[in-house]
Amino acid sequence: MIEIHNLTKTFEKIKAVDEVSVTIKDNTVFGLIGTNGAGKSTVLRMVSGVLKPDSGTVAVDNLPVYDNVEAKKKLFFIADEPYFFANSNAQTMERYYSGVYEEFNREEFYKYLDSFNLDKHRKIGTFSKGMKKQLALLLGICAHTKYLLCDETFDGLDPVMRQGIKSIFAKEMEERGLTPVIASHNLRELEDICDHVGLLHKGGVLLSKDLEDMKCNIQKVQCVFSSVDDELKALNGVEVLKKEQRGSLRTFTVRGTREEITARFATVDTVFYEVLPLSLEEIFISETEVVGYDIKKLILG
Amino acid sequence: MTSRNSFWASSKENHRRRIWVWIVSVMVQLMAYVGILTVYLSRIRSWNSEGAYRTYEEFIAALHQATKDALAFQDNLALVLGGMALMIGMHGFSYLYDRKKVDMYHSVPVNKNKRFAVVYVNGLIIYLVSTLVSLFIGIIVAAVQNAADGGVMAEVGLGFIWNLLFFLVMYHTVILAVMVTGNRFITLCVGGGLVIYESVLYTLVDAMKYAFFETVSGFYVTYEPKLSVINDYFGNIWELKSAEDVQSAARIVLPYYGKWFILALVILAAAWLCYSRRPSEAAGKAIAFPKMEPVFKVAAVIPTGIGLGMWVHSAAYGSMALTAVSMVGFGVIACAFIEVIYDFDIKSLFKHPVSSGVAVAAVAVIFLVFKFDLTGFDEYVPDAEKLDSIALNVDYYGEYWDENFSYVGSADFSEEHMFLQDVEPVLTLAAKSRKEKPEDMDDCRVVNVLYRLKSGRRVGRRFNVDFSNPANEELMNRIVGAREFKEGTYQVMTDEESYAKALGITYGNGVTNLAIPAEDASKLREAYLKDMERLDFSLVTEKRPCGQITIKFPNWIIDRMDVYDDFENTIAYLQSAEVFYPVELNPEDIADITVTNFHNELNEMPEQAEAARYINTRDVVAEASYVYDDDHTVTKTFLEEEEFAQITKVIYPASMSSAWNDGRELDENYDIYITFKKDTSYPYDRSSFGVYYKFYTGQVPKFVVEGTAIGADEQ
């Protein structure tokens with residue numbers, strides 16, 4: 001488990017990360033969402049031990065990470081622009097990382113390279129941006145660390161590759177309990193990968209929740225009530241996060257499980273009602289609007 | 001089997017990424033050692049084929065010297081070593097400049113100290129291997145050409161350690177510069193600054209002292225940079241190259257070995273400390289530690305402002321207003337420039353006004369301190385009670401040597417041998433000098449003095465004394481007449497051993513030069529020492545020597561001892577040896593006297609030289625000569641014995657000016673050339689046709705003045 005407690009980092013006079021506290025549970029895919037400049041990279045660089053926090057702590061399996069080799073053995077950090085040695089190829093990088101990470105699995109690495117059609121002898125300098133990210137991910141996965149920290153690594157990967165990486169993540173999570181932490185500014189990129197999401201904005205955490213919990217505890221209901229009394233009765237005691245009206249059609253975003261909401265609406269007289277699934281984007285919009293933010297501006301642009 | 005993450009595995013991995021550094025290092029070292037050696041040896045062989053060496057031994061000695069010059073102590077090597085230190089040090093730790101690299105290297109599970117050690121040791125290995133391979137090949141080349149023996153090899157060994165330690169200091173300095181900076185350009189600036197900073201400060205302080213103070217003297221006490229290996233290297237390299245054997249070379253280098261080693265360790269420790277504390281976010285910034293930015297700025301602005309201000313001072317012929325304005329102005333410009341460099345942004349020109357204000361204020365304060373002598377530098381005259389002894393030089397420059405007959409400077413000699421206890425006359429003259437202007441003195445002489453304080457402190461100063469002022473005579477007699485003064489001014493006083501080893505002795509009076517048996521040196525010295533008791537200021541300034549004893553020692557060392565009329569013991573000896581002839585010539589021996597009057601009253605004396613006369617050091621007086629004009633020069637030859645009789649009473653041999661009377665009592669307006677009769681018994685030097693003389697100032701006979709007047713030669 002990675003425990004981040006009151007983490008703060010200031011660059012000159014700019015507070016990049018402001019008292020961030022997040023817990024990253026083992027064997028989950030943690031998504032760190034935020035706009036450019038929200039502090040995602042800074043958080044990941046502190047979690048990976050690159051930067052020293054001004055205040056606050058980062059503990060990886062209860063070990064402080066900064067300047068601690070034992071903690072770093074549990075992490076592999078893929079920066080937003082991963083560095084590869086000049087004139088190197090995949091084999092050169094494998095040789096370096098297998099020297100640094102004792103558990104590095106060479107066979108697996110070359111197998112994955114083949115699967116992803118990456119030539120181990122080809123100079124990395126001639127790779128496309130996407131190919132470089134694939135290579136960095138494969139190096140990170142094959143390093144066999146418990147935590148894989150990816151900074152904007154999935155942005156720009158094509159759907160086939162994303163699916164491939166997702167499968168590998170699933171396999172590695174199942175086999176050895178890999179915990180990927182993925183930072184991105186694009187919510188849609190993470191929707192199908194993450195189990196848990198933390199939203200960063202202006203250096204602080206707006207929310208941090210399990211995706212399933214969020215999806216299960218928030219519903220969208222479209223409904224046409226027979227009377228105003230029925231509407232009042234249906235919504236009595238229900239937390240309404242958002243309410244829209246077009247003619248007689250009402251659309252509510254409400255908190256509660258699908259069963260609870262269905263049961264509540266079944267008790268009142270309606271012309272029509274339907275409980276619809278919410279996309280991650282819609283969930284975020286609702287959740288953040290509650291705390292006064294316009295999420296569309298933050299991460300959907 | 002080594003672990004995959006062991007030191008040597010990491011080292012091997014690191015070497016893979018330093019291939020080009022390896023290649024460049026080996027190439028450079030091969031060129032620097034083997035290339036240079038080959039050039040030197042082929043040059044010696046070429047000279048030999050042209051017959052430059054008389055014997056085979058000479059030829060072999062030249063080959064050995066060439067090997068030492070190339071492989072042991074090579075003057076150009078400091079640049080090569082500095083360049084290599086820069087390349088190896090910067091390349092090794094250059095990942096710190098790049099955020100992408102820092103993200104990778106600092107996130108992987110590698111101990112920080114181990115990473116530092118790996119990069120550091122690998123850099124050292126690159127230097128050592130490239131050097132040793134080059135030296136090995138060089139030694140083989142030298143051995144094959146008969147240009148090396150055991151002694152040469154030993155010197156090559158000494159040179160290897162000398163160069164290694166120099167490299168280490170430079171290498172560590174570069175690493176330290178990398179650690180405190182965030183990009184290559186600033187590393188170069190800071191690295192260069194660290195290497196030369198101390199020397200620059202010393203140079204600037206010296207320049208300011210000489211520009212603003214009147215009593216500053218570098219005769220006895222010079223302030224040399226203590227930590228500058230470049231100073232040490234270049235200050236000794238010529239002595240090392242000319243060292244006769246490995247022992248002589250070892251005597252020079254050994255003290256530096258310890259000093260450089262400690263210096264290298266201290267710099268390395270500082271570099272490591274900075275490395276361990278360096279924030280990763282420093283990559284790409286100008287200065288790695290924000291708190292050091294104002295420190296570097298102030299440290300850079302002060303010498304920049306002062307240095308450029310002093311340059312203006314010199315260009316503007318000492319204009320104080322321009323100096324002050326330019327110091328502050330250049331200080332402000334330097335502040336702005338540094339801020340732009342820090343941020344890589346022209347808009348940052350006036351950022352951080354507080355540190356800029358401090359830096360510029362420091363420049364202004366330093367100027368004021370020197371301009372108004374706020375430290376009382378020029379007024380300094382120590383209390384007699386605080387003084388242990390004094391050494392001084394009263395405008396006298398003899399020749400001195402050590403037990404190996406190696407040349408010793410007059411400052412070093414008097415410092416070692418003169419411990420004047422009667423300090424009061426010196427202090428009185430020093431204090432008096434502050435109230436008198438040199439231009440008001442008729443015969444202004446410079447006295448360089450070393451105050452040895454009881455606290456152990458040594459203070460060097462200079463002051464002026466008017467030799468012609470009777471009020472000074474008694475004080476000067478107490479100084480010059482003191483035994484301690486003579487012991488520190490005349491080597492003959494203390495060095496009995498050298499005189500026993502005299503190779504040859506002659507006595508001359510400007511015309512004659514007769515040999516005395518070398519075995520009489522001790523006897524002659526004994527007589528001379530008795531007479532030296534009479535020597536005082538009045539004697540040496542009122543009289544000119546009637547002759548000079550010249551003693552030749554090994555190593556081309558020559559001692560010249562003035563003989564005065566009052567030196568009856570010496571003269572008695574010289575007479576017994578039949579070499580004494582009076583300085584005044586017998587008119588009967590003279591065939592003719594040719595007098596040339598340069599008419600300096602019509603010639604131009606350069607303004608600078610005129611001014612320099614007041615400064616009155618020997619060098620400057622030599623410069624302070626007239627620009628002779630042939631149109632004003634009148635030459636007349638006198639043939640009458642009566643004329644000879646008058647002239648010989650008022651002339652003095654031009655070649656025999658005393659070290660005390662620097663020639664200014666002789667009239668520079670006239671040259672006198674005397675031709676002797678062929679049949680005279682006077683033992684003048686018959687290899688020449690005649691001898692040059694000078695008139696005593698103000699004693700030129702009237703008929704000579706008239707005979708050499710403008711137009712007299714046309715009548």
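The pLDDT is the predictor's confidence in each residue, on a scale from 0 to 100. The structure treated in these exercises is a predicted model.

**Exercise 1. Determine where confidence in chain B is highest and where it is lowest.**

Solution. Begin with the chain as a whole: chain B has an average pLDDT of 90, and 93% of its residues score at least 70. Next, turn to the individual elements. The highest confidence in chain B belongs to helix α7 (residues 150-180), at 96, and the lowest to helix α23 (residues 618-623), at a mean of 41. Then consider the stretch of residues 608-624 of chain B, where the pLDDT is below 50; beyond near neighbours in sequence, this stretch has 22 contacts in the model. Where pLDDT is low, the predicted coordinates should not be read in detail. Finally, for the complex, the predictor gives an ipTM of 0.87 and a pTM of 0.81.

**Exercise 2. Identify which residues of helix α21 in chain B are buried, and explain why they lie on the same side of the helix.**

Solution. First, list the buried residues of α21(B), which spans residues 568-576: they are B:Thr570, B:Tyr573 and B:Leu574. Second, consider their directions: because these residues cover an arc of only 100° around the axis, they are on the same side of α21(B). Third, examine the other side of α21(B), where B:Gln575 and B:Ser576 are exposed. Last, just after the helix, B:Glu578 adopts a positive phi of about 60°.

**Exercise 3. Describe how β8(B) pairs with β6(B) and with β9(B).**

Solution. Take β6(B) first. Strand β8 (residues 547-552) of chain B pairs with β6(B) in the antiparallel sense over five bridges. In this pairing, B:Gly508 has B:Gln548 in β8(B) as its bridge partner. Now take β9(B), which pairs with β8(B) in the antiparallel sense over six bridges. Here B:Ile551 is bridged to B:Asp559 in β9(B). To complete the description, β8(B) and β9(B) form a hairpin with five residues between them, and B:Asn555 in the turn has a positive phi of about 65°.

**Exercise 4. Classify the packing of helices α5 and α6 in chain A.**

Solution. Helix α5 (residues 129-142) and helix α6 (residues 159-176) of chain A pack at an angle of about 5°, their axes 12 Å apart. Angles under 35 degrees count as roughly parallel, so α5(A) is roughly parallel to α6(A). For the residues involved, A:Gly130, A:Gln134, A:Leu137 and A:Ile141 in α5(A) meet A:Met161, A:Ile165, A:Ile168 and A:Glu172 in α6(A).

Notes. Residues numbered from 1 in each chain as written. Chains lettered and ligands numbered in written order. Predicted model: local features only at pLDDT ≥ 70, side-chain atom pairs only at ≥ 80, totals over all residues. Buried ≥ 20, exposed ≤ 12 C-beta atoms within 10 Å, placed from the backbone. Helix = DSSP H or I, 4+ residues; strand = E, 2+ residues; numbered from the N terminus. Arc of directions from axis to C-beta. Contact = placed C-beta atoms within 7 Å. Pairing = 2+ DSSP bridges. Axes fitted to C-alpha atoms, helices over the stretch in contact; angles between N-to-C directions. Parallel < 35°, antiparallel > 145°, perpendicular 65-115°, else oblique.
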